[in-house]
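Please read the numbered points alongside the sequence and the model.

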Amino acid sequence: MEARDPGKVRPPFWLLAELTYRCPLHCVFCSNPVDHARHGDEMDTANWKRVLGEARALGAVQLGFSGGEPLLRDDLEELVAHARGLGFYTNLITSGVGLTRACAKALKAAGLDHIQLSFQDSTRELNDFLSSTKTFDLKAKVAGIIKDEGYPMVLNCVMHRFNLQHVGRIIEMAERMGADFLELANTQYYGWAWLNRAALMPTAAELREAEAVVDTHRARLAGRMKVIWVSPDYADAKPKPCMAGWGAVFMVVAPDGLAMPCHSARMLPGPPLPDLRSMPVREAWYDSEAFNRYRGQAWMSPTCSGCEERHHDFGGCRCQAYLLTGDAAATDPVCTKSAHRGRIDEILDAATLRSREVPEQPLRFVPGAARDAGLVFRSDQNSLALSAAGIASC
């Protein structure tokens, strides 16, 4: 393949190192690929160090250590120290499981700058149910450790039908914990969240009500805690500028060494993703067909290429387009100009119908989740209850 002109493509700014797909949690909205067991190989320490060095030489400055659960890697401290030596600003994205005080101190000494801790809810019952683990109390303890050790306190909670009614309590929990930032990320429907979409999808009215609560707390907490509401594109009818444009600023490296323009690109048809075990980062970024496939605007449909928003939303999400239309180059179906917008409206209408019926919601957990009683979550505006019923087997 003829090399692309590097002058027309900026270097990557953000590198996300997905060190492993292994995780002690089994969240119903997990972003791991649904066939993650097929991708069990993990790059060794030497390969990860080489990749980090090549990415930094190329211009990447922000580095996230993610997974799965990155704390399951025995070499995490070594990789953090190596990244610090290269000059990266480093962020650990974690469930908190395994982050003891001694571990937090060791990572700090190695040069870790930042920790983002996930919660599933403000209540022990729902947090533990959605992850199929008893981790709420542990997470609360880890939040204290993060604060005590002087890291920026950053909490994240993925929002969906089951916890939107608790958004005010989630914000108050973060406030009590002394969080500096709280990210309320509405579910993106890929991976396991795609399989559980019917159960997780809130109504447009529920989303508007939750956002109003967020706005009230955001005003109250101004100057003390920044609350970030990641708006839901399904209900907003507005494509997200996914990764600030395909192959524009962001590279994900999967546990097995595949380089991806976004978290979910593994599922897309087309050219093979570059394998960094055998291909240099520079070649993957500038020259690989996978990274160039949806760069710029030449790939866009007439609907997108003639739209004034194309410089802002970059055509929206390719993975979402593929899942909903079967064509990764299609206009993102959340857009009102898309010929497939009706599919999104049908999904939202179905969510409204389910909210009126308040049915039992079967959920598919990541394999390994405890199924002691075959639990299914039942929710309405006034109560939370766990009832015995079958959970679909994965």
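1. Helix H1 (residues 45-58) lies across strand E1 (14-18), strand E2 (62-66) and E8, and runs at about 170 degrees to E1. Helices (H or I, at least four residues) and strands (E, at least two) are DSSP runs numbered from the N terminus. Angles run from 0 to 180 degrees between N-to-C directions, with axes fitted as lines to C-alpha atoms, for helices over the stretch in contact.

2. Helix H5 (residues 136-148) packs on the sheet, where strand E4 (114-119) and strand E5 (153-159) are touched (contact means heavy atoms within 4.5 Å). The direction of H5 makes about 160 degrees with that of E4.

3. This is a predicted model, in which local features need pLDDT of at least 70 and side-chain atom pairs count only at pLDDT 80 or more, while totals for chains, interfaces and linings use all residues. Residues are numbered from 1 along each chain as its sequence is written, and side-chain values use heavy atoms, with hydrogens and water left out.

4. The open sheet has nine strands in the order E7-E6-E5-E4-E3-E2-E1-E8-E9, with mixed pairing (two strands pair if DSSP finds at least two bridges between them). Strand E7 (226-230) and strand E9 (259-260) are at the edges with a single partner strand each, so one side of each lacks a neighbour in the sheet.

5. Strand E8 (residues 250-253) and E9 run antiparallel and are joined by two bridges. Val253 has Ala259 in E9 as its bridge partner.

6. Arg295 is located in the loop between helix H12 (289-292) and helix H13 (302-305). Its side chain reaches the backbone oxygen of Gly247 at 2.7 Å and that of Trp285 at 2.8 Å.

How values were computed. Polar contact = N/O pair within 3.5 Å; in protein donor to acceptor, adjacent residues only side chain to side chain.
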